[in-house]
Amino acid sequence: MSTVTTNEFTLLGHKPSLFVLFFTEMWERFSYYGMRAIFVLFLTASFADGGWEWTRERAIGLLGIYTSSVYLTPLIGGYIADKFLGYQKAVAIGALAMTLGHAAMAMETEMTLYLGIGLLIIGNGLFKPNVTSIVSGLYNKYPERKDGAFTIFYMGVNAGGFLGVLLCGFLATNLSYSWGFGLAGIFMLLGMLQFWFGRSIFGSIGAEASKKESNVEIESKVEERIEEKVPSNVQRDRYIVVAILAFFTVFFWAAFEQASGSMNIFARDYTQRTLGGDAAFIFKIVDTLITVIPLGIITWVLLKLFGQTFKKISLSNIVLGISFLSIWGIAIWKLYIILPENNAEIEASWFLILNSLFIIGLAPLFSKWWESKFNPSAAIKFGIGMILLGIGFGALAYGSSSIPQGAKTASVSLIWLVLAYLFHTMGELCLSPVGLSYVSKLVPPKKIGMMFGMWYLVNALGNFLAAKIGSYIDVIVNEFSMSYFFLIFTIIPAGVGVILIFISPLIKRLMHGIR
């Protein structure tokens, strides 16, 4: 184990170069979640409201093609970077492709819409796996610090998703959908420039494609020989556990990913979003706090980064500074518009920020739970996550029970959406990061890359099924009711959760001591 030197870990106990990647990832997630938040709303909105009046089935179906495809292309993008481009060039080219994709979508023609989606899928494949590989490379000599580094990096993901949904949704509502899509593209471009101008801080990490066998590959071969001594039936059983967890995870994502589709439509067309009196005042206070406080914290980190890296990567820092001045400008404009009004009109996409906020608030508590003596087994965690997901949809089913059969609009209390996102986030924390952790524990080192690729395929399948099922929202509402539609996502996940808890002793035996 290498000795940590103060010369390297000078910014909040980590390398300053980590935070360059933190902000790069933040802008990419800003663009991804910002665009996704308004995608279905734009396609299904009336012509008078700036939309295209697509059917909900068609819009959610296209969303499903996009969200499932972005989990497939990283497998190809990682290979291309390894063999030909290197991580740094792959990240930059991927960011450029996504910038062009957002620009194409902002033109609002059907041809440029499909072109834009294609560019976003390709760009994500080059960007996503390789920016993560650079983070890993920065800490190869300090493996004991990787967990902390990826935790900080993951906060960049949530910060970007939060800001993207908040501000792209605001511009889409108050200016036009073109401005919402365009804003996503602008910050993707700025993120690319910030990364490219600051790449010298990474040194040789990811600068070139792999020319020779890496230390990781050498270590993997050594561990492979050791593994041959392990009874083959033990590893076979552990593969079975991975397969079981992967199978049930499909059910989770098929329900959870209703957020950008059917739940977004529910927020726009069936939720009471106009507030008055005390309710409007309380919402404005809450909205102001959740806008200003996270931005303030991230800006403080930004200033710390400036202080340590401005001389070395000044142009990168200037681009980053311009980005944040722009973000503050839009945020202040947003508050300037909403604060003086007597009433408050909540954008439909606003509810999507709740997932990021709840993750930031609850993740430390769940982490403490996993570290305590009450830490449950893998199957129990998955089961709890599925049941919590079902409870969230149960809240929506109950809240929408007053909506008449076949209704196209309603005014259900927003509290049911808030409760749904709260329970969904708790379910996500029980399953998503835990799943990745158990894959890394159950699979031998030589197979980890392949298994993580398979795990992404599970996400792709879950996203595809989410869109496929969600596209039947109008059919089910017309034939039965909105409450019936959400009951489907209540009963199935909860039932799967009970099954997982029931078979947990079997899964525990198949893991052969892995916890």
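The legends below describe several close-up views of a predicted model.

**View 1. The protein as a whole, shown as the setting for the close-ups.** The predicted model contains 19 helices and two strands, and its C-alpha atoms occupy a box of roughly 65 × 60 × 45 Å along the principal axes. Buried residues account for 54% of the 515 residues. Of the contacts with a separation of 6 or more, 85% are between residues 24 or more positions apart.

**View 2. The aromatic pair of F42 and Y177.** Among the 34 aromatic pairs in the structure, the one formed by F42 and Y177 is tilted, with 5.3 Å from centre to centre and 55° between the planes. Because F42 belongs to helix α1 (residues 16–44) and Y177 to helix α7 (residues 177–197), the pair ties together parts that are 135 residues apart in sequence. Both F42 and Y177 are buried.

View 3. When residues up to four places away in sequence are not counted, Y177 touches I38, L41, F42, A45, D49, G50, G51, E108 and A172.

**View 4. The aromatic pair of Y79 and F84.** The ring centres of Y79 and F84 are 6.5 Å apart and their planes stand at 75°, so this pair is edge-to-face, a term used for angles over 60 degrees. Y79 counts as partly exposed, at 49% relative accessibility, whereas F84 has a relative accessible area of 59% and is exposed.

**View 5. An aromatic cluster and two charges placed over rings.** One aromatic cluster is formed by F19, F22, F23, W27, F30, F187 and F324. Two further details concern charged side chains: the charged end of K15 sits over the ring of Y139, at 5.6 Å from the ring centre, and the charged end of R58 sits over the ring of W54, at 3.6 Å from the ring centre.

**View 6. Helix α13 and its kink.** Helix α13 (residues 353–371) has 19 residues, which at 1.5 Å a residue should span 27 Å, and the end C-alpha atoms are 28 Å apart, which agrees. Within α13 a kink of about 40° is found at L362, shortly before the proline P364. The buried residues of α13 include I359, L362, F366 and W370, as well as I353, L354, N355 and S356. In an α-helix there are 3.6 residues a turn, so residues three or four places apart point the same way.

View 7. The loop between β2 (344–345) and α13 holds S349, a residue that is buried, with a relative accessible area of 2%. Leaving aside neighbours within four places in sequence, S349 is in contact with A37, L41, V165, G169 and N264. Of these partners, L41 is also among the residues that Y177 touches.

Key
Residues are numbered from 1 along each chain as its sequence is written. This is a predicted model: local features need pLDDT of at least 70, side-chain atom pairs count only at pLDDT 80 or more; totals for chains, interfaces and linings use all residues. Side-chain values use heavy atoms; hydrogens and water are left out. Rings of Phe, Tyr and Trp (its six-membered ring) pair if their centres lie within 6.5 Å; planes under 30 degrees apart count as stacked, over 60 as edge-to-face and the rest as tilted. Helices (H or I, at least four residues) and strands (E, at least two) are DSSP runs, numbered from the N terminus. Buried means under 20% relative accessible area, exposed over 50%, partly exposed in between (1.4 Å probe, protein chains only). A charge sits over a ring if NZ of Lys or CZ of Arg is within 6 Å of the ring centre and within 35 degrees of the ring normal. The expected span of a helix is 1.5 Å times one less than its number of residues. The bend at a residue is the angle between axes fitted to the seven residues ending there and the seven starting there. Contact means heavy atoms within 4.5 Å.
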